[in-house]
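Colleague: I would like to learn how to read a model of this kind. Could you take me through it one feature at a time?

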Amino acid sequence: MREHTGNPADAEGNDNSGEQEAALPVPVTPARRKSVLTALGRIGASIPRAQPRLRFEMPPEARTPDEADDVEPPPPAAVSGYTAAHHPIHFGFMATVGVGMALLLYFILTNIGELLGWITAALFIALGLDPVVRWLERKGLPRPAGVVTVVLALAGLLAAFFSTLIPTIVNQTTQIVANGPRYVNEFLESPVFQSIDERFQVRNRVDEEVARFFANSDAVTGIFGGVLGVGSRVFQGAFGALIVLVLTLYFLASLPAMKVWAYRLAPRSRRQRVQFLAEEITGSVGSYVIGQACVALVNALVAFIAMSIAGVPFSVLLAFLVALLAFIPLVGGMIAGIMVSLVALTVDWQTAVLFAIIYFAYLQFEAYFVSPRIMQRAVAVPGAVAVIAVIAGGLLMGVLGALMAIPAAAAVMLLLKEVIISRQDQR
């Protein structure tokens with residue numbers, strides 16, 4: 001214990017030393033550091049910041065029985081003896097609710113049928129472009145970059161094609177409209193029409209019907225309504241094309257994730273088999289879409305060359321229509337050939353015969369040599385099944401249904417072969 005000498009200097013010295021000790025820095029202890037960090041964390045948490053976007057993650061897979069712990073399963077629930085006779089009111093109410101839900105579902109499907117068609121078309125196109133994206137992935141390009149590259153290349157080709165084709169189509173369409181009265185007069189003055197008119201007085205009847213039509217105010221009003229309806233349909237078609245393009249981009253970018261989700265819907269014991277069948281179907285659809293596009297382009301090129309040799313007018317416009325019709329399998333090329341032959345008859349019969357010989361000879365060559373080589377990776381479909389599928393698809397969904405008919409038939413045949421027939425053979 002330090003003794004106090006009573007010296008004022010010592011007292012003052014003690015006081016100064018106390019002040020010096022108070023001026024020294026306080027030592028940082030772990031507890032104090034923790035409290036400071038906690039306070040700073042609270043202050044930082046109160047500051048608003050950018051929040052990460054929520055993602056809908058895939059749930060983890062359930063463990064197999066071998067991987068699961070030895071946990072006693074819960075006892076099965078007792079089966080109740082519920083019958084309609086015991087609870088007629090409850091049964092009637094639930095039956096009414098079921099019928100109401102079915103009617104509501106039917107109402108929804110009938111009102112969004114066009115949207116479902118757009119979604120189907122976008123998915124169909126995405127499956128067709130997916131092989132190109134996967135080829136770019138094998139070459140070392142990331143999938144997002146591959147998707148952007150394919151979409152930009154497709155948009156560039158379409159823009160270049162239509163920028164070259166549209167002026168010619170507009171010019172030739174204007175010529176058809178301008179020469180329309182001359183074509184009608186030539187037909188009316190032809191010997192064939194004159195002989196028919198002498199027997200049945202066709203011209204007088206036509207004049208009477210035309211005068212009666214324009215005398216009816218409702219009919220004239222209907223013309224303007226029809227024009228407005230055509231304009232609205234054109235706008236709706238352009239809007240639908242934009243929606244299909246956007247959905248195609250999204251489907252093409254997220255196609256692997258969509259497949260994973262679809263495979264998870266199957267039972268785990270059959271998931272590998274479902275994945276194999278789904279990959280076969282989607283690969284077949286992609287090969288078919290790309291192959292059919294190549295066949296349509298070759299078909300239109302041959303038709304354009306044949307029309308140029310035969311001297312058929314409006315060759316560019318007709319070649320564009322041939323390309324569109326050639327996308328319809330089996331019957332599209334035949335319809336296109338008949339249509340162009342009828343147009344060639346307006347020149348003379350020699351022109352029509354020359355074009356028909358060249359084009360229909362190519363159709364035979366295409367059926368035996370071109371299509372089998374291009375479509376060798378697609379699932380083969382028997383001719384009778386293909387014809388029935390095309391007709392059924394056209395009746396159900398129009399041109400889009402006819403385009404998707406053969407891939408759908410191929411998918412059904414593959415499922416029948418790998419599932420139904422395989423199961424029957426094992427019994």
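Modeller: Start with the surface. This is a predicted model, and in it Phe93, Met94, Val97, Met101, Leu104, Phe107 and Ile108 make a nonpolar surface patch of about 690 Å².

Colleague: Where does Met94 lie in the secondary structure, and is Met94 buried or exposed, or something in between?

Modeller: Met94 is part of helix α3, which covers residues 88–111. Its relative accessible area is 43%, so Met94 is classed as partly exposed. A residue needs over 30% to be taken into a patch.

Colleague: Now the charged pairs. How many salt bridges are there?

Modeller: The test is a distance: a side-chain nitrogen of Lys or Arg within 4 Å of a carboxyl oxygen of Asp or Glu. By that rule the count is four. One of them joins Arg143 to Asp130, with the closest N and O atoms 2.8 Å apart. This pair links distant parts of the chain, since Arg143 is in helix α5 (residues 143–188) and Asp130 is in helix α4 (residues 113–138), 13 residues apart.

Colleague: Are Arg143 and Asp130 buried or exposed?

Modeller: Arg143 has a relative accessible area of 11%, so Arg143 is buried. Asp130 is buried too, at 5%. Under 20% is the cut-off for that word.

Colleague: Which other residue does Arg143 bridge to?

Modeller: Arg143 also forms a salt bridge with Glu137, at 3.2 Å between the closest N and O atoms. Glu137 is partly exposed, because its relative accessibility is 33%. Asp130, Arg134, Glu137 and Arg143 are linked in a network of salt bridges.

Colleague: What about Lys259: which residue does Lys259 pair with?

Modeller: Lys259 forms a salt bridge with Glu279, and the closest N and O atoms are 3.6 Å apart. Here too distant parts of the chain are linked: Lys259 is in helix α9 (residues 255–264), Glu279 is in helix α10, and 20 residues separate them. Lys259 counts as buried at 15% relative accessibility, whereas Glu279 is partly exposed at 30%.

Colleague: Which residues does Thr282 touch?

Modeller: Leave out residues up to four places away in sequence, and Thr282 touches Leu127 and Lys259. Thr282 lies in helix α10, residues 271–310, and a polar atom of its side chain is 3.2 Å from the backbone oxygen of Glu279. Its relative accessibility is 18%, so Thr282 counts as buried.

Colleague: Last one: which side chain is in polar contact with that of Asn299?

Modeller: The side chain of Glu366, at 3.4 Å. Asn299 is in helix α10, and Asn299 is buried because its relative accessible area is 1%. With residues up to four places away in sequence set aside, Asn299 touches Val322, Ala326, Gly333, Tyr359, Tyr362, Leu363 and Glu366.

Conventions:
Residues numbered from 1 in each chain as written. Predicted model: local features only at pLDDT ≥ 70, side-chain atom pairs only at ≥ 80, totals over all residues. Heavy atoms only, no water. Patch = residues over 30% accessible without salt bridge, like charges linked within 9 Å, V, L, I, M, F, W, Y side chains within 5 Å. Areas by Shrake-Rupley, 256 points an atom, 1.4 Å probe, with all protein chains shown as cover. Helix = DSSP H or I, 4+ residues; strand = E, 2+ residues; numbered from the N terminus. Buried < 20%, exposed > 50% of the residue type's maximum accessible area, 1.4 Å probe, protein only. Polar contact = N/O pair within 3.5 Å; in protein donor to acceptor, adjacent residues only side chain to side chain. Contact = heavy atoms within 4.5 Å.
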